[in-house]
Amino acid sequence: MTPLLGLAGAVRPGSCASTQEIARSLAREGAPEGTVVIAETQTAGRGRPRRGDAGARSWHSPPGLGLWMSFVLRPRLDTADWPALTAMTALALAKAIEGLHPAAPRWSCAIKWPNDLYGHRGKLAGILAETAGNAVVVGLGLNLALRAEDFPPELRKRATSLRLEGFDPVPTAEFAAAAMNERLTAAYLAFQNGDRDFLREGLRARFLLRGARVRVTWPGGGAEGTAVDVGSAGELILKTAEGPRALVAGEVTAWSRAGASHPDY
Ligand code: BTN
């Protein structure tokens, strides 16, 4: 398959504040779908803003140790479908990473709906999807070769990398980017063609929150309940005191299972 999303035309700033900011300005200037920005390091990488945070969270992006990348998409979709692009990208990244493990398919990661990827030792990667005019910019941060001491102390017990997960050799950023380009292209084409089954099945198979008590918030609202399933279009299905609810977007700000609680990353 010819990759639609273009590594060939990738913008490679070396060091930059944030690939997301570059991709968003390129998108506003009319950059075509498939424009990709990949940096060696980011000095002001951004994570998903959490409710209660004064601003965006920072994303630790040390030089040469991870994949820090943003894609410009111009979805030919109803805007109601746009929120699902976050989970779709998370699933594409999960499949890309799993395919890179030497023991594939025996290693798999879990997805904390809708945007976080977890390995066996903690958070491995995160997705940040934002609009820029009539484009969507999806950014991803994937920890590749970091050792425990490469993380800031507050993240050491909660974050992981492909190296810490036992990938040997650790894939290069270039290799991981190519795998991601291929998986995201396939997922995006299927999604644009109206296929949602792969999304539901892929998320179900990697459903980190299954059975957990969760609190989910979004601008102007929130819900609490038990995460029981993934809906037909990738929504999180919660069992709440008022009955089942299907959430299309939101931030899981707290979750706990069997007596263990997990602070947000
Ligand atoms: C999260 O889990 O909070 C999402 C993290 C997204 C980080 C990536 S790194 C590449 C792109 N540029 C940024 O500034 N952020 C995203």
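Pro169 lies in the loop between β7 and α3. Helices (H or I, at least four residues) and strands (E, at least two) are DSSP runs, numbered from the N terminus. The peptide bond that leads from Asp168 into Pro169 is cis, with omega near 5°. A cis peptide bond also joins Trp113 and Pro114, where omega is about -5°. Pro114 belongs to the loop between β4 (110–112) and β5 (116–118).

The model is predicted: local features need pLDDT of at least 70, side-chain atom pairs count only at pLDDT 80 or more, and totals for chains, interfaces and linings use all residues. Residues are numbered from 1 along each chain as its sequence is written, and side-chain values use heavy atoms, with hydrogens and water left out.

The loop between β7 and α3 also holds Ala159. Ala159 is buried, with a relative accessible area of 4%. Buried denotes under 20% relative accessible area, exposed over 50%, and partly exposed the range in between (1.4 Å probe, protein chains only). Ala159 and Gly119 are separated by 40 residues in sequence. Their C-alpha atoms are 8.8 Å apart in space.

The elements that give two or more residues to the shell around the ligand are α1 (19–28), β3, β6 (123–132) and β7 (135–143). Strand β6 supplies the largest share, four residues.

In total, 21 residues surround the ligand. A residue counts as near if one of its heavy atoms lies within 4 Å of the molecule. The closest are Ser18, Gln42, Arg46, Arg48 and Lys123. Polar contacts were taken as pairs of N or O atoms within 3.5 Å; within protein, one must be able to donate a hydrogen and the other to accept it, and residues adjacent in sequence count only if both atoms are side-chain atoms. Gln42 places a polar side-chain atom 2.9 Å from a nitrogen atom of the ligand. A polar backbone atom of Arg46 is 2.7 Å from an oxygen atom of the ligand. For Lys123, a polar side-chain atom lies 2.6 Å from a ligand oxygen atom. Taken alone, the ligand exposes 420 Å², and the protein buries 99% of that. Accessible areas come from the Shrake-Rupley method with a 1.4 Å probe; for residues, only the protein chains shown count as cover.

Ser18 is found in the loop between β1 (11–16) and α1. At 3% relative accessibility, this serine is buried. The side chain of Ser18 reaches the backbone nitrogen of Gln20 at 3.1 Å.

Charge pairs were then considered. Side chains of opposite charge can pair when their charged atoms come close. The structure holds twelve salt bridges, each defined as a side-chain nitrogen of Lys or Arg within 4 Å of a carboxyl oxygen of Asp or Glu. One of them joins the side chains of Asp81 and Arg196 (3.3 Å, N to O). Asp81 lies in the loop between β3 (66–73) and α2 (84–100) and Arg196 in the loop between α3 (173–192) and α4 (197–205), so the pair ties together parts that are 115 residues apart in sequence. Asp81 is partly exposed at 25% relative accessible area, whereas Arg196 is buried at 14%.

Arg204 takes part in salt bridges with Glu201 and with Asp229. The closest N and O atoms of Arg204 and Glu201 are 3.5 Å apart. Both residues lie in helix α4, three residues apart, about one turn of the helix. The bridge from Arg204 to Asp229 spans 2.8 Å, N to O. This pair links distant parts of the chain, with Arg204 in helix α4 and Asp229 in strand β9 (residues 221–230), 25 residues apart. Arg204 is partly exposed at 23%, Glu201 is partly exposed at 44%, and Asp229 is partly exposed at 21%. Elsewhere, salt bridges that share partners join Glu21, Arg24, Arg46 and Glu130 into one network.
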